[in-house]
Amino acid sequence: MERKLTTSMKMSMDHKAIDRLRDFPELTPIYREAHDRPPIKVFNREIEDCRNYLSANRRDFYKILMIAGGKGVFTLGLNKYLIDTPTLLFIHPNDIISWQKTSGESAGYYLLFKRDFINHHPMLKATLERLNLFKDKSKSVIRIEDRDLPSFNRLWESMYQEQGNELGYDAIQAYIQLLMIESARKSNYLVPQRTDEEYDHIHRFFGLLEEEVSQINYENPIRLRTAQEFAFSLNLHPNYLNRILKKRTGQNVSTHIKGRLLDECKALLIQTTWTLDQISYAVGFSDQPNFNFFFKKNTGYTPNAFRKGVLL
């Protein structure tokens, strides 16, 4: 089903280099959490889909997650946590994360808020920087005692109910501050385990892919575009990298590269005034016809038609 691009999505970001671009969700094992319109949004995990996922390129917003039900394994960067009791997680925009549920019914909440939301609320920004729960990974995962869970649930329910209310954003940012303060006060930080070697390689691959994409500009095209090039940069055999990615995510290296480049092409078409020649060169195509073929084959639309208003 087609839907028109809104004016708010036509953001003017006409720079040579774009290092923070909005993500577009795809139905793949790599979960690209979309948070396009509101500067902050709260979700109930009993309602929202809590499938297994690996989120490699959020890059535009912070995430706070409370797991109140459902057991599983959560990875944050190269740290692995066994979640079997209520837990709070503070996730920075640059973090690569994964979640694999092993048992139980999902319960709890999570919220996403944009960097700009922080800049518009100085007290929230000051609290975030002072407590350092997002950047200091030793403080990012906090176990909640059973006796404290009701009070945390009340905080989350208040935030959830404030959505859409007059001055709701102001109320939610105050609740976020209280949530961070209460979390830091408990200081019940979980001690992580190291991830296994395969996951380390996968983490390095997605980190390298994000680094390459973040440096895209129309004067210097993306350096790495093939499975062989990425594997060589990681000092791995291409067949081995393909095998572990297929095993852990269901897709091979080339599919992940193609999907990420496609996301970036969509973002550049929407968020910049770069010409089609400039975009095709930036993402590594030798000419515009090849770029047009790639984009239409994977979206059903030419880049020009997509830019003019049709978003899949």
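Predicted model: local features only at pLDDT ≥ 70, side-chain atom pairs only at ≥ 80, totals over all residues.
The chain holds eleven helices and ten strands. Of its 312 residues, 52% count as buried. Contacts between residues at least 6 apart in sequence were examined, and 75% of them join residues at least 24 apart. The accessible surface comes to about 14,900 Å². Carbon and sulfur atoms account for 50% of that surface.

Helix H3 covers residues 149-162. Leu149, Phe152, Leu155, Trp156, Met159 and Glu162 are buried in H3. Seen down the helix axis, the buried residues fall within an arc of 160°, so they line one face of H3. Their cover includes strands E2, E4, E6 and E7, together with helix H4. Just after H3, glycine 164 takes a positive phi of about 90°.

The whole structure contains 17 aromatic pairs. In one of them, the ring centres of tyrosine 109 and tryptophan 156 are 5.8 Å apart; the planes meet at 10°, so the pair is stacked. Tyrosine 109 lies in strand E7 and tryptophan 156 in helix H3, so the pair ties together parts 47 residues apart in sequence. Both residues are buried. Phenylalanine 291 and phenylalanine 295 form a tilted pair, with 6.1 Å between centres and 50° between planes. Both lie in helix H10, about one turn apart. Ring pairs also link Tyr62, Phe90, Phe113, Phe117, Phe134 and Tyr169 into a cluster.

Charged groups also sit over rings. Lysine 63 lies over the face of tyrosine 110, 4.6 Å from the ring centre. The charged end of arginine 225 sits over phenylalanine 285, 4.7 Å from the centre of its ring.

Conventions:
Residues numbered from 1 in each chain as written. Heavy atoms only, no water. Helix = DSSP H or I, 4+ residues; strand = E, 2+ residues; numbered from the N terminus. Buried < 20%, exposed > 50% of the residue type's maximum accessible area, 1.4 Å probe, protein only. Contact = heavy atoms within 4.5 Å. Areas by Shrake-Rupley, 256 points an atom, 1.4 Å probe, with all protein chains shown as cover. Expected span 1.5 Å × (residues − 1). Arc of directions from axis to C-beta. Phe/Tyr/Trp six-rings, centres within 6.5 Å; stacked < 30°, edge-to-face > 60°. Lys NZ or Arg CZ within 6 Å of the ring centre and 35° of its normal.
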